[in-house]
Amino acid sequence: MRTHEPLKKGVFISIEGIDGAGKSTVLESLCRWVEHQGRIVTVVREPGGTALGEKIREVLLDPRYAPMAPWAEACLYMASQAQQAWETIVLSLERGEWVLADRFRDATVAYQGYGRGIGADRLRTFQDLILGPLFPDITVLLDCEVTVAWDRLSRRPRSHDRMEREAKDFMERVRQGYLDLARKEPGRFVVVDASQDAPKVFEDVTAALSSKLSMNRAGGRDFPPMISHER
């Protein structure tokens, strides 16, 4: 089994938030922002991003499979993350690339741990077995009230997927779960007001990232050892 040296070049950034918070818009602009600074970027999404992950995504978001047992749902999300980590994220970081993720492990804790009531600690224990110490170096939480997010979703031309059809009280639990995670890990999270217009949100995101990256460099922070990647 091949083990990994601590990562020294790659940077792993995840974008989190409830459905309708504007993650996709921010991620698209952020990709260009990082590339403009001369960095190679790998963009991933959860669930999905790999051949296996995209098949899992089809099942998870298909309204025909509602209702889904909470633990079955959580296990499917974590299966997608495990494949993504093994197939894409770890290798990209080892090459010194920047990885930008449309959600990662925090989404499972927020949606299934808080939203479904499985419990954040129980899910984190399970995730640690699967993903080891693989966490984003910086997590941007796009936060807005559920009513704002729902208004945005209602204006989308396409039909809503299974998760977007959840009730407002479910989404409120997810939102509060995200905020709780951010309070517990202020060193990793930055919280941005996503109720603003898109240009202002992106301005705040890049300002927060620039500040975090400068702080990490000034503090001489090393990236954590990664999970095993046996081929």
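Let me start with helix 4. Ten of its eleven residues are buried, so helix 4 is largely enclosed by the rest of the structure. Buried here means under 20% relative accessible area, with a 1.4 Å probe and protein chains only. Helices are DSSP runs of H or I with at least four residues, strands are E runs of at least two, and both are numbered from the N terminus.

A word on the source. This is a predicted model, where local features need pLDDT of at least 70 and side-chain atom pairs count only at pLDDT 80 or more, while totals for chains, interfaces and linings use all residues. Residues are numbered from 1 along each chain as its sequence is written, and side-chain values use heavy atoms, without hydrogens and water.

Back to helix 4, residues 105-115. The buried set includes Arg105, Asp106, Tyr111 and Gly115. What covers them? The cover includes strand 1, helix 3, helix 5, strand 4, helix 7 and strand 5. Contact means heavy atoms within 4.5 Å.

Take helix 5, residues 120-131. Helices 4 and 5 pack at about 145°, with axes 9 Å apart. Axes are lines fitted to C-alpha atoms over the stretch in contact, and angles run from 0 to 180 degrees between N-to-C directions. On the helix 4 side, the contact uses Arg105, Asp106, Thr108, Val109, Gln112, Gly113 and Tyr114. Helix 5 brings Ala120, Leu123, Arg124, Gln127, Asp128 and Leu131. By class, that is five nonpolar, four polar and four charged residues. Ala, Val, Leu, Ile, Met, Phe, Trp, Tyr, Cys and Pro count as nonpolar, Asp, Glu, Lys and Arg as charged, and the others, Gly among them, as polar.

Just past helix 4, Gly117 takes a positive phi of about 85°.

Now the rings. The whole structure has four aromatic pairs. One is Phe12 with Phe104: centres 5.3 Å apart, planes at 65°, so edge-to-face. The cut-offs: centres of Phe, Tyr or Trp rings (six-membered ring for Trp) within 6.5 Å; planes under 30 degrees apart are stacked, over 60 edge-to-face, the rest tilted. Phe12 is in strand 1 and Phe104 in the loop between strand 3 and helix 4, so the pair ties together parts 92 residues apart in sequence. Both Phe12 and Phe104 are buried. Tyr111, Phe170 and Tyr178 form one aromatic cluster.

Last, Thr50. It lies in the loop between strand 2 and helix 2. Buried or exposed? Thr50 is buried, at 4% relative accessible area. Leaving out residues up to four places away in sequence, Thr50 touches Gln83, Gln84, Glu87 and Thr88.

Note on methods. Buried means under 20% relative accessible area, exposed over 50%, partly exposed in between (1.4 Å probe, protein chains only).
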